[in-house]
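Q: I am new to this structure and would like to go through it step by step. Could we begin with the strands and then move on to the helices and domains?

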Amino acid sequence: MSIQNLTGDLHSILNSFLDLIGCDGGSIYTLEKNLQGESVLVFKAMITRSLGVEAVPTRLKSLVFRLDESSTVGRTGLQRQVYKEDGRLYQVTADQVPQSKVRSVIDIAMGYETQNLLSAPLLTPRGDLVGVIQLVNKIPGDLESEAIFDEKDERLCGIMSSQAALVIENSTLLVEQEKILDGFVNACVTAIEARDPVTSGHSQRVCDLSLNLAKSVNREEAGALGLIHFNETQMRELRYAAMLHDIGKISVKEDILKKEKKLYPWELHEIEMRFKLMKASYRLQYQGEGNQFELARKVKELEQAYQTILAANEPTVLPKDVSASILELTKLQVQVDENEVCCALHAHESDRLCISRGSLSREERDEIEKHVSFTYEILKMVPWSRGLEQVPVIAHRHHEKLDGTGYPMHVKGEEIPIQSRMLTITDIYDALTAKDRPYKAAVPIDKALAILEDEVKQGKLDGVLFKVFVNSKAYILPGVETSKVKKVA
Ligand SMILES: [Fe+2]
Ligand SMILES: [Fe+2]
């Protein structure tokens with residue numbers, strides 16, 4: 001239940017009070033904490049039928065009441081007792097004005113005169129105070145009756161108050177539950193990103209971009225997206241799916257997750273040591289004046305070979321001639337001892353260096369791709385509340401493509417929920433434009449959008465969503481320069 005729902009429910013309850021007890025107006029105040037941590041009573045619902053007032057007027061929304069004797073609202077909360085007051089008494093009994101001072105502020109603001117009121121605490125079955133209800137200006141049942149609240153009204157109010165208290169308590173519990181879930185989600189994201197600080201901020205940015213895109217979809221009035229509207233709960237569902245889409249990375253080996261080049265640092269170090277050993281062996285073999293020219297040639301050959309390895313180790317696209325040179329280096333051997341030969345490159349090292357694009361081998365890529373299945377397994381274990389059940393499925397399909405070339409299920413088209421298609425767009429966009437990856441320069445926004453557009457043309461990404469993403473500028477997060485981007489026709 002959201003705050004809007006609570007206000008609506010309290011309004012309906014207040015209307016029932018007015019009908020059953022028979023009075024002109026009333027207000028409900030809920031117990032909340034102010035910025036200083038003090039418990040105060042805050043206006044949540046107000047009805048004054050003779051004035052046509054159906055909600056708390058804006059000018060009164062900031063009015064709060066302390067739990068003390070300075071107002072009847074505060075006194076009712078403090079003492080947890082029902083108070084009945086007859087305004088006409090104030091004129092004859094000077095010491096009976098606790099309500100009038102504050103009530104008169106409201107009366108003046110509303111241009112209203114409170115003649116009498118009934119004020120009751122809203123207590124849960126456990127006896128916790130959650131608010132106060134006030135009813136004003138009793139309407140007499142017939143011409144003979146007096147316009148004052150009587151004991152019957154008091155009893156009726158007591159019975160109905162417990163219903164209002166339960167509504168407030170349920171709402172408070174739901175808000176607390178949401179806060180706990182938000183805290184849990186943030187803690188999970190912190191845990192994922194602590195393992196891979198290089199991609200820190202990715203989950204939050206994908207979340208912000210996806211919500212931007214969902215809001216833009218909600219604004220679409222025509223076409224395929226005109227019929228789609230994400231309500232408040234669906235927005236929360238998308239938010240959680242976006243924040244947790246990569247939670248499965250928690251199960252991927254850290255070395256693979258952080259791998260920047262084709263060789264792991266310790267593998268390159270081992271090769272470097274072998275080259276030093278080979279150089280030292282040449283120096284021993286080619287001693288003496290007459291061998292200096294040959295020694296220099298051999299050393300230069302080793303140095304060039306090592307430079308070739310360093311060039312191939314970069315995660316860029318590997319030129320064909322470099323991969324041929326790398327394969328040649330597996331044949332380069334130097335006798336370092338009587339019975340020992342040192343190889344410049346072993347087969348498993350040359351395999352890694354011959355990766356044609358990026359830094360990962362097929363096996364390592366498979367290992368990383370497993371994060372999506374782990375994401376699903378982890379999220380499936382969470383007992384998502386009503387309306388949030390699709391979080392695991394939405395997150396599970398964030399690497400699927402419309403033509404079935406994605407992973408892990410290779411599902412196609414309609415089998416991919418719209419929320420997942422949105423995540424796919426925002427996830428790729430952020431991976432391309434992220435500025436915080438030391439091993440990869442950030443792609444400029446216009447180029448990143450061009451890459452996404454290319455995937456749309458290949459039938460991999462949703463073109464309608466992509467168009468909204470670009471044209472509504474949903475890709476803009478605070479502090480981003482976007483002047484070069486053109487609209488999609
Ligand atoms: Fe992912
Ligand atoms: Fe991601």
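Predicted model: local features only at pLDDT ≥ 70, side-chain atom pairs only at ≥ 80, totals over all residues.

Q: What do β1 and β2 form, and how many residues lie between them?
A: They form a hairpin with five residues between the two strands. In the turn, Gly37 has a positive phi of about 85 degrees.

Q: Which residue is the bridge partner of Glu32?
A: The partner is Val40, in β2. Val40 also stands opposite Arg66 in β3.

Q: How many bridges join β2 and β3?
A: Strand β2, residues 39–48, pairs with β3 over three bridges, in the antiparallel sense. Within this pairing, Val42 stands opposite Val64 in β3.

Q: Is β2 mostly covered or mostly open?
A: β2 is mostly covered, as seven of its 10 residues are buried.

Q: What is the strand order in the sheet?
A: The sheet is open and has six strands in the order β3-β2-β1-β6-β5-β4, with antiparallel pairing.

Q: Which strands stand at the edges?
A: The edges are β3 (64–66) and β4 (83–86). Each has a single partner strand, so one side of each is left without a neighbour in the sheet.

Q: By how many degrees are neighbouring strands turned against each other?
A: The average is 25 degrees, with direction ignored.

Q: Now the helices. Which strands does α2 lie across?
A: Helix α2, residues 72–79, lies across β1 (23–33), β2, β3, β4, β5 (116–123) and β6 (129–138). It runs at about 40 degrees to β5.

Q: And which strands does α5 touch?
A: Helix α5, residues 151–195, packs on the sheet and touches β1, β4, β5 and β6. Its direction makes about 45 degrees with that of β5.

Q: Changing topic: which residues of the largest nonpolar core touch the most other members?
A: Of its 37 residues, these are Leu213, Ala241, Leu244, Ile425 and Phe469.

Q: Which elements give two or more residues to this core?
A: They are α5, α6 (202–219), α7 (232–243), α14 (391–396), α15 (418–433), α16 (445–457) and α17 (463–471). Helix α6 gives the most, with six residues.

Q: What does Ile425 touch?
A: Leaving out residues up to four places away in sequence, Ile425 touches Leu452, Leu461, Leu465, Phe466 and Phe469.

Q: What does the second core include?
A: That core is separate and has 32 residues, including Ile13, Leu14, Phe65 and Ala165.

Q: Back to α17. Which of its residues are buried?
A: Leu465, Phe466, Val468 and Phe469 are buried in α17. Seen down the helix axis, the buried residues fall within an arc of 160 degrees, so they line one face of α17.

Q: What covers the buried residues of α17?
A: The cover includes α6, α15 and α16.

Q: Which residue with a positive phi follows α17?
A: That residue is Lys473, with a phi near 60 degrees.

Q: Lastly, how is the protein divided into domains?
A: Domain 1 covers 3–175, domain 2 covers 197–249 + 375–471, and domain 3 covers 265–359.

Q: What separates the centres of domain 1 and domain 3?
A: Taken over C-alpha atoms, the centres of domain 1 and domain 3 are separated by 86 Å.

Terms used
Residues numbered from 1 in each chain as written. Chains lettered and ligands numbered in written order. Pairing = 2+ DSSP bridges. Helix = DSSP H or I, 4+ residues; strand = E, 2+ residues; numbered from the N terminus. Axes fitted to C-alpha atoms, helices over the stretch in contact; angles between N-to-C directions. Contact = placed C-beta atoms within 7 Å. Core = buried A, V, L, I, M, F, W, Y, C linked by C-beta atoms within 7 Å. Buried ≥ 20, exposed ≤ 12 C-beta atoms within 10 Å, placed from the backbone. Arc of directions from axis to C-beta. Domains from an automatic or database assignment.
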